[in-house]
Each structure stands twice: as C-alpha cells, then as structure tokens.
Amino acid sequence: QVQLVESGGGLVQAGESLRLSCAASGSAFSTNAMAWYRQAPGKQRELVASISSSGTTKHADSVKGRFTISRDNAKNTVYLQMNSLKPEDTAVYYCAAARNIIVVLSTPEVWGQGTLVTVSS
C-alpha cells in the first residue's frame, strides 16, 4: 500500500504563505483519492481539503480562497498551497490517502506522520 511523508511545515507570521508537500510511494498514486487534515492542540482533527483521482477538489469553508490542494501524478505528490495564513491555521497537518473519495473523507486508509504549521500574530 501507499506510504505518505509530509514536509514543508514551519513557523511563519500571519499573512505569509507556505506550501506543504506529501510524497507517496508503494502503489499506484494516480488511482488514490487524497486529502489534507489538520489538528490543533486540544481540538478534533478536521478535513481541510480533498482531491479525487480525477482532480476534483473541495476545500473547507474556513480555508476557501486561501488554500489550494493539487496533485502531480508524475511526481507522486500532493500539495497544499497555503496563502494569507492566520493564527487559527496553526495545527499539525496530515496527508491521507484512500481508494476513493468517499473513503478518504470518512476512514482514510493511509496517514502520513504530520507536519507542524505555526502561524504567529
């Protein structure tokens, strides 16, 4: 099955940008639905964005217009471009994969280790 490794997190000031990457290996990446979740301290994990194998995307209302999920099948990588970051975006961001969009939005089959994004005010 696919293995996922996130990178790109860090400490930034409000209003700045980051791009997270999730590198996949071990299976046919192009057939997977992918998603980004995040979890802030003391809070439940929440869905940030998803992308189907065909490239259809969806973003949470809280990040619409600021974040963009994309995938590059040639590189077996999914990205999360984060612009206009706010302190409330501070969280550990996790990449997730599943066989289809329904599964990735409910019970993802594979998770990455997470990457920390901290936005200072």
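Analyst: Arg38 is buried, with a relative accessible area of 6%, where buried means under 20%, exposed means over 50% and partly exposed lies in between, using a 1.4 Å probe and protein chains only. This is a predicted model, in which local features need pLDDT of at least 70, side-chain atom pairs count only at pLDDT 80 or more, and totals for chains, interfaces and linings use all residues. Residues are numbered from 1 along each chain as its sequence is written, and side-chain values use heavy atoms, with hydrogens and water left out.

User: OK, and how far apart are the closest N and O atoms of Arg38 and Glu46?

Analyst: They are 2.7 Å apart, and the pair forms a salt bridge, meaning a side-chain nitrogen of Lys or Arg within 4 Å of a carboxyl oxygen of Asp or Glu. Glu46 is partly exposed, at 36% relative accessibility.

User: What about Asp89, is that buried or exposed?

Analyst: Asp89 is buried, with a relative accessible area of 1%. Arg38 forms a salt bridge with Asp89 too, with 3.0 Å between the closest N and O atoms. This pair links distant parts of the chain, 51 residues apart, since Arg38 sits in strand β4 (residues 33–39) and Asp89 in the loop between β8 (77–82) and β9 (91–98); strands here are DSSP runs of E, at least two residues long, numbered from the N terminus.

User: Switching topic, which residue does Lys64 form a salt bridge with?

Analyst: Its partner is Asp61, and the closest N and O atoms are 3.0 Å apart. Lys64 is partly exposed at 47% relative accessibility, whereas Asp61 is exposed at 66%.

User: Which residues are joined into one network?

Analyst: Salt bridges with shared partners join Arg38, Glu46, Arg66 and Asp89.

Technical notes:
Helix = DSSP H or I, 4+ residues; strand = E, 2+ residues; numbered from the N terminus.
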